[in-house]
Amino acid sequence: MTVIGTRMLRKEDPALLTGEARYVHDLVVPGALHLAVVRSVMANARIRAIDTSAARSMPGVVEVLTGADLVGEWAAPMPCAWPVTPDMRNPPHYPVALDKANYVGDALAVVVAESGFQAADAVGAVVVDYEVLPAVIELDDALSDRVVIHEELGTNTSYVWELTPDPDKVEAVFGSAAHTVSERYVQQRLIPSAMEPRGVCVLPEPFGGEFIVYSSTQIPHILKIMLGITCGIPEHKLRVVVPVVGGGFGSKLDVYAEELLALAIARRLRRPVRWTEERSENSVATIQGRGQIQEIDLAADADGKVTGVRVRLLADMGAYLQLITPGIPLLGAFLYHGVYDVAAYSFRCTSVFTNKTPTDAYRGAGRPEATYAIERAMDALAAEVGVDPAELRRRNFIAPEAFPYHSVPGLVFDSGNYEGALDKALELIGYAEIRDEQEKRRAAGSRVHLGVGLSSYVEMCGLAPSRVLASLNYSAGGWEAATVRVLPTAKVEVVTGTSPHGQGHETSWSMIVADKLGIDPADVDVLHSDTAVSPSGLDTYGSRSLSVGGTALYLATEKVLEKAKAIAAHQLEAAPEDIELVGGGFRVAGSPSRSVPFAAIAFEAFTAHNLPDGMEPGLSASVTWDPPNFTFPFGTHACVVEVDEETGQVTVRDYVAVDDCGNQVNPLIVEGQVHGGVVQGLAQALFEEAVYDEDGNLRTATLADYLVPSAADVPALRLASTVTPSPTNPLGVKGVGEAGTIAATPAVINAVVDALFHLGVRDIAMPASPQRVWEAIRAANTGGQRKVADR
C-alpha cells in the first residue's frame, strides 16, 4: 500500500473546524491569577519613579510588581542564543525594565489580580514618572550614534559581520564588468499578526517545586531550557506543554518576558498564573519581522552573465536582542546570489539598535530579504543589458549538472533544476501572451497598465548539521529525535521532537510510518509538544520539520521494521533477508503460504514467548538524526498585475507558483503551505507595514491601520511543482513552509514595476499602496525617476 504522495485529508482539521481544539486561553484553571503588563508609552525614557499605590488598592488586585521588585527572581537576563560575533554588543534585557524604557511597549510593571478584567483595570492606575529622551527610529540615525540608546555600550551598533571569500576577486570583477547595477531596497517592518495572540499559563505543583508551563509557542523544548536558565529552576522540575497553536510564522519562536513573568510569579505566590495577549498589545509586545536597508551591486559581462554580487545591509535589531535576533539577517547572508552561478561575492551586515520593538524571525527569516534583493536587482540588470527578465535569468542559472553545487559563499546546494521550474511557470502564466497584450495596451494608450513579474528563488532549510551551526556561533544544534512504538494491538505511537502549529505533522508523520509498515495511517497516533511525553527535540521553525524530524521518524520506523522482520523470520524458520512485507503481513519471498500478519508479530513482541535468542521484548525504536547538510528547495513564481494610472490601485490578476520541495509526502499539505506563504509575501508587497512616528509611537497598532489582506484581496492561486529529490536524506524531501513567502514579494513588485516601466518607474517602496504607486508615477512623469528605453 502506497501512502506517501497521496492527497490525504489532515487528521488535525475536524477538531479545528468544529471548535473542539483547545488553545492556551481555553484552559480552565480554577483559582488562577491573571497578569496584565504596564507598558511604556515612551520610546526612550529614564524611569524616575513608578507609583503603584492606587493600583494595589483596586478590587481583586493581589500584587503590583516593578522591575526592582522582581530583580531577585532572575538567575540571568533574557536569553539571546545567537552571539554572531565574539564582540557582539548585547545589553542585559530583563522581563521588566529596571531604570529605563527603550521602546513603546517595554514592560515597566506587572499587575497580578484575581481576574483578567481586574488586572487590566489596575494597569491604568499605575503612574510612571518619565524623563523623556530623544527617540532613535531611523536606521541611519541609529548608525550615527546621535543618541546612544544603551549608554553602557557607547554605541548603537550591535555587530558588523562580513563574508567576502576573495576581496581581490570582487574588486577585479566589478572593475572589468561590462554592466553594473547598484540598487537600494527597504525591507519594511512587519507585524506577524498570528490569528491567536500569545498566551501562557503556569501551574505550580503543590509539592516538589515543579511547574507545568502551558504556552502558545513553537519551541517547547528550547523554552524549557531557557526558562530553567533564566529563572534558576532545575530543568527536570519544568514541563512545557503546547496546546493547539493558532499560527506562529516565527513570532512564537522566542522566549518572551511574559512566559518568564508567569513562571516567576507562580513560584513567588504559589498559585497558578496566566496571561493572554491583547491584539493591540501584540503589535508592540511580540517581535516584528524584517527591518532592513539593502544595497546590492551586480557586475555582469556584455551578455548579462552575472560575475559578481556585492551586498551591504543595515539591519534593525530593535531595542533588544531577543532569542535569535542578531542571526536573522545572516540566514540570508549566503544566498544573495540566489539561483545564479557567480564567481565573486561579498556580503557585509551592520546591525543597530533602535527605539522600536525587537525584531526576530518572521516567515522565511532572512531568506525572503535575500531573494527580494537579488530578484529585484536581476530585473534592473535585465533593463541595463536590454534583455527580457526571463531570458536574463535563464542565462545565469546554476546548471543541473553542476549539482552538488559549491557556492562561492560556502554552501553546498544539494540538487536543482532551476530552468525547468522557470519554463513551467512561463508556460502556465502564458508569458508570451501577456507580453503581447502588454504591448497592445501600451500602443492603444490604455491608462490601466499590465505587468508581469518573475521570482526565481532558492532557500536553505533543515538548518544542520550541528557542527555547521556551531561554526556560526548558534547555541543550539540541528538534530531531531523520534520514537516509534508498535503497541501489542498493532497500533502505533509516534513521539516526535517537532512541535507543529499548522503544518499537519500528525497527518504527514502517520503517513510516513504507515507507508513503511504497510498499515492504515488511522492506526498511527502522533504525540508531540509536551516535554514530559517527548523529552528530546528541537522543535519547529525554518522548514526543518520534515527533512530533519521526518527523517528521524523514517529511520526509527526502518529499525522497527527490521526487528519485526527478524521476529517473523524466527517464527517462519527463514532468514531475515528472505522476509518481505506484503499486504499487512510478513511472508517468505517466493512462498506466499508461509506468512504471518503484522498484528501477530506486534503481539509476539509484547508477550516475548517466542523471540530470537538475545532479542529484547517490545517493538520500538528511537533515532536522533543530525543531517549532513541543509536542503535547498527552489522554484519560480510569476505574477500578473493591472495598475490603474489614475488611482495607483494594483490588482493581482493572476499568480502562478511552481515550487520544488523534493519528494512530497502529502501534496495537499504542500499546497496549503504554499497558499499561506504566497499570501504573506503578497501582503508585504502590497499591504503591510509597521509605521512609527518620530517619537517612536507605532501608528499601525490595530488592524484598522495595519492592513492584512482578506480573501477578497487575493486571486485564485495556480500551483504546480517539479520534483528534484534531495540526496541528503532518505525521504528525498526539502521543505516548503516558507517558499511562498520567499518568492511572492519580489514577483509582485517586479510585476508592478514592469507595468509602469514605460512611464519611467524603476522602483516602488513596499508596500506598493495606491498612494505610493500614484506618487511614483507622478515622480517619473516629472523626471524624478530615471527613464530608459521601454522593454
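Student: What makes strand β20 count as mostly covered?

Tutor: In this predicted model, strand β20 spans residues 492-496, and four of its five residues are buried.

Student: Which strand is joined to β20 by four bridges, and how does it run?

Tutor: That strand is β21, residues 524-527, and β20 and β21 run parallel. Val 494 stands opposite Val 526 in β21. Helix α15, residues 505-517, belongs to this arrangement too, for β20, α15 and β21 make a β-α-β unit.

Student: Why is that unit called right-handed?

Tutor: The name is given when, with the strands pointing away from the viewer, the path from the first strand over the helix to the second runs clockwise. The unit made by β20, α15 and β21 is right-handed, so its path over α15 runs clockwise in that view.

Student: Why are Cys 349 and Cys 461 called buried?

Tutor: The cut-off is under 20% relative accessible area. Cys 349 has 0% relative accessibility, so it counts as buried, and Cys 461, with a relative accessible area of 0%, is buried as well.

Student: Why is Ser 543 called buried, while Asp 145 is called partly exposed?

Tutor: Ser 543 has a relative accessible area of 14%, and is therefore buried by the cut-off of under 20%. Asp 145 has a relative accessible area of 26%, which falls between that cut-off and the 50% above which a residue is exposed, so the term is partly exposed. Asp 145 is found in the loop between α5 and β7, with phi near 60°, a positive value in a residue other than glycine. Ser 543 is found in the loop between β21 and α16, and its phi, near 50°, is also a positive value in a residue other than glycine.

Student: What makes Gly 416 buried, and which residues does it touch?

Tutor: Gly 416 has a relative accessible area of 8%, under the 20% cut-off, so it is buried. Gly 416 lies in the loop between β17 and α12. Not counting residues up to four places away in sequence, Gly 416 touches Pro 400, Phe 403, Phe 634 and Thr 724. Gly 416 and Asp 660 are 244 residues apart in sequence, yet 8.4 Å apart in space, C-alpha to C-alpha.

Student: What makes β4 and β6 edge strands?

Tutor: They belong to an open sheet of three strands with the order β4-β2-β6 and antiparallel pairing. The strands β4 and β6 each pair on one side only, and these are the edge strands. Six bridges link β2 to β6, and the bridge partner of Arg 46 in β6 is Glu 131.

Student: How do you know that the chain is as compact as a globular protein of that length?

Tutor: The chain comes to 20 helices and 28 strands. Its radius of gyration is 28 Å, close to the 28 Å that the globule rule gives for 791 residues, so the chain is as compact as a globular protein of that length. Buried residues make up 61% of the 791 residues.

Technical notes: Residues are numbered from 1 along each chain as its sequence is written. This is a predicted model: local features need pLDDT of at least 70, side-chain atom pairs count only at pLDDT 80 or more; totals for chains, interfaces and linings use all residues. Side-chain values use heavy atoms; hydrogens and water are left out. Buried means under 20% relative accessible area, exposed over 50%, partly exposed in between (1.4 Å probe, protein chains only). Helices (H or I, at least four residues) and strands (E, at least two) are DSSP runs, numbered from the N terminus. Two strands pair if DSSP finds at least two bridges between them. The radius of gyration is taken over C-alpha atoms; the globule rule is 2.2 Å times the number of residues to the power 0.38. Contact means heavy atoms within 4.5 Å.
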